[in-house]
Amino acid sequence: MSEKPKGLDNGLTNYGDRDFARYLRRSFAKSMGYTDASLDKPIVGICTTESGFNNCHRHFPEMLEAVKRGVLAAGALPVPFPVISLGEVFLSPTSLVYRNLMAMAVEEMIRAQPMDSVVLMGGCDKTVPALLMGAASAGKPASLVVAGPMMTGRHRGERLGACTDCRRFWANYRAGTVDDEEINQVEGRLAVTAGTCAVMGTASTMALIGETLGMMLPGTAAIPAVHADRLRAAEETGALAAKMATTGGPTPEKLITRESVENALRVLLAVSGSTNAIIHLAAIAGRLGIDIDLERFNALSDETPVLVDLKPVGSGYMEDFHTAGGLDGVLRGIAGKLNAGCADVTGLTMEDRLARPLADPIDASFIRTADSPVNPVGGLIALTGTLAPEGAILKRAAATPGLLEHEGRAVVFSSLEDLANRIDDPDLDVTADDILVLQNAGPRSASGMPEAGYLPIPKKLARQGVKDMVRISDARMSGTAFGTIVLHVTPEADVGGPLALVRDGDRIRLSASRKSIDLLVDPAELATRKPAIAAGDKPADRGYAKLYRDSVLPATLGCDFDFLRHS
């Protein structure tokens with residue numbers, strides 16, 4: 001059997017003459033100034049997601065140079081290439097809609113271009129899952145390096161970090177306790193450096209999941225974006241990728257296994273991470289034929305304590321988490337519950353990692369021990385019931401304890417437009433004990449499953465001091481948000497799920513202890529409502545929007561496209 005082509009000979013363009021294809025490729029490569037010695041080396045592709053529409057990645061040019069240094073020093077040729085970027089707040093209708101498009105671009109560019117291994121550079125919420133999804137499907141050796149979290153700002157004596165604090169100040173502004181001058185002042189103090197949100201939001205959660213899956217150098221997920229160690233991690237990742245290009249492994253399917261996915265779920269629960277991570281991890285795992293069972297997820301949650309005291313549910317920020325011990329601190333706190341045989345890109349097993357001495361002691365102010373946790377049970381649970389027969393997600397660690405067992409009257413909004421038009425109407429029939437319900441905000445909806453599950457408290461209640469209510473939708477919420485919020489209701493309203501049948505005045509019961517969410521309406525009455533379900537917006541008839549609507553899977557399957565999951 002002939003040896004697999006390496007370097008520039010990978011995947012030659014087919015002209016029906018292999019030698020001509022090689023000659024032509026090298027001649028065009030030489031137009032960029034490469035010598036024969038460079039073109040004979042293994043190639044490390046560097047998949048970069050820098051964009052003027054992505055503030056989180058504005059330091060990527062410097063990081064890219066560090067990756068290239070590492071590749072060159074280890075004897076390979078670094079070749080950067082761009083893919084689309086997903087700046088969380090710069091996309092309409094929502095970044096989730098374009099995650100699969102980015103994943104497709106990542107997969108195809110890794111597969112189509114001549115590289116022996118690839119470094120994946122991302123950070124902002126959807127970029128990391130898109131990179132991992134694409135790399136998992138492409139099947140070439142890959143290593144991830146992330147942007148890292150931004151540092152905190154300061155405002156009138158307190159620290160600020162996007163975007164948990166931005167939501168707190170906005171809620172206070174709506175309630176009338178913060179004026180126009182202060183909200184404008186805060187606007188410039190929430191996000192003050194390069195990097196991802198400074199709290200345990202989706203970006204930081206996905207970075208920790210990427211490291212736990214084994215796709216990243218150990219100890220690098222939480223290094224702040226502006227820290228010199230972030231550049232050193234980038235350089236070391238480049239050197240590792242060069243080694244992988246020479247030795248031929250490991251590929252993502254060797255690292256992302258049923259066991260490492262379970263470890264990642266444990267970490268998600270222990271850090272009380274973003275609810276979005278359930279969707280993204282399901283999509284990544286689904287590329288390799290691994291399903292996430294919600295019943296098993298609940299079993300893990302009931303035996304995995306929350307160890308991390310960070311915003312949005314605690315008091316610290318990601319820079320505190322990093323200096324307190326980072327992921328190593330969390331892994332040691334749940335060591336007895338982890339699958340010890342899982343390996344990472346360096347070849348280190350979880351057992352090996354846990355046996356290594358720590359450079360510094362773990363700071364229990366931010367990373368607690370298992371016998372003194374923030375909470376004895378995991379931060380997230382899955383709910384099922386007559387309102388969500390196929391599942392929903394609740395971040396119980398972010399909820400008001402008194403609302404975790406609650407029955408109330410539904411106040412229904414049929415769309416985001418309806419919500420915007422009526423939520424602050426002084427005549428809205430709503431009380432603090434009611435349950436706010438948003439319909440038609442799921443994956444297939446025209447809104448593309450936005451982070452709208454964090455429905456605002458009606459202004460007239462906010463001004464009375466109401467800070468939380470039970471809120472239910474088929475939408476998502478930001479990992480930086482907080483409150484008693486039921487999300488990802490499946491089946492979604494757009495496909496005629498029970499959520500579409502809820503009407504004002506219906507009784508709904510939430511029980512976190514039973515892990516249930518039920519619509520307390522007689523089935524016969526619900527049957528009479530089905531013909532009256534309003535048709536959604538006119539479906540897209542062209543382009544990516546049509547592909548998305550026709551192919552997107554429900555939240556329980558990661559909102560990936562049906563034709564991209566492992567069959």
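Okay, let's start with a pairing: strand E9, residues 405-413, and strand E13, residues 507-511, run antiparallel and are joined by five bridges. For the terms, two strands pair here if DSSP finds at least two bridges between them. Helices (H or I, at least four residues) and strands (E, at least two) are DSSP runs, numbered from the N terminus.

Before I go on, this is a predicted model, so local features need pLDDT of at least 70 and side-chain atom pairs count only at pLDDT 80 or more, while totals for chains, interfaces and linings use all residues. Residues are numbered from 1 along each chain as its sequence is written, and side-chain values use heavy atoms, with hydrogens and water left out.

Back to E13. Across from Glu407, the bridge partner in E13 is Arg509. E13 also runs antiparallel to strand E14, residues 516-519, with four bridges joining them. Within that pair, Leu510 stands opposite Ile517, and Ile508 has Leu519 as its bridge partner. E13 and E14 make a hairpin with four residues between them, and Lys515 in the turn has a positive phi of about 55°.

Which way do the E14 residues point? Ser516 and Asp518 go one way, Ile517 and Leu519 go the other, and all are buried. Buried, by the way, means under 20% relative accessible area, exposed means over 50%, and partly exposed is in between, with a 1.4 Å probe and protein chains only. In a regular strand the side chains alternate between the two faces of the sheet.

Now the parallel sheet. Four strands form an open sheet in the order E2-E1-E3-E4, with parallel pairing. Strand E2 (77-82) and strand E4 (142-146) are the edges; each has a single partner strand, so one side of each is left without a neighbour in the sheet. On average, neighbouring strands of this sheet are turned by 20° against each other, direction ignored. Axes for that are lines fitted to C-alpha atoms, for helices over the stretch in contact, with angles running from 0 to 180 degrees between N-to-C directions. Strand E1, residues 43-48, pairs with E2 in the parallel sense over six bridges, and Ile43 stands opposite Leu77 in E2.

Is Ser143 buried or exposed? Buried, with a relative accessible area of 0%. Leaving aside neighbours within four places in sequence, Ser143 is in contact with Val118, Val119, Leu120, Met215, Thr237, Leu240, Met244 and Val345. Contact means heavy atoms within 4.5 Å.

Next, a helix: H7, residues 180-187. Glu182, Ile183 and Val186 are buried there. They cover an arc of only 100° around the axis, which puts them on the same side of H7; the arc is that of the directions from the helix axis to the C-beta atoms. Glu181, Asn184 and Glu187, on the other side of H7, are exposed. What do the buried residues of H7 pack against? Strand E5 (153-155), strand E6 (158-160) and helix H6 (164-175).

The peptide bond from Ser92 to Pro93 is cis, with omega near 5°, and Pro93 sits in the loop between E2 and helix H4 (95-112). Gly249 to Pro250 is cis as well, with omega near -5°; Pro250 is in the loop between helix H9 (228-247) and helix H10 (252-255). Ser272 isn't a glycine, yet has a positive phi of about 50°. You'll find Ser272 in the loop between helix H11 (258-270) and helix H12 (276-286), and at 1% relative accessibility Ser272 counts as buried. Asn440, also not a glycine, has a positive phi of about 60°, and is partly exposed, with a relative accessible area of 27%.

Zooming out to finish. The chain has 20 helices and 14 strands. With 567 residues, a compact globule would have a radius of gyration near 24 Å, and the chain's 24 Å agrees; that radius is taken over C-alpha atoms, and the globule rule is 2.2 Å times the number of residues to the power 0.38. Along its principal axes, the C-alpha trace spans about 75 × 55 × 50 Å. Of the 567 residues, 58% count as buried. And among contacts with a separation of 6 or more, 75% come from residues 24 or more positions apart.
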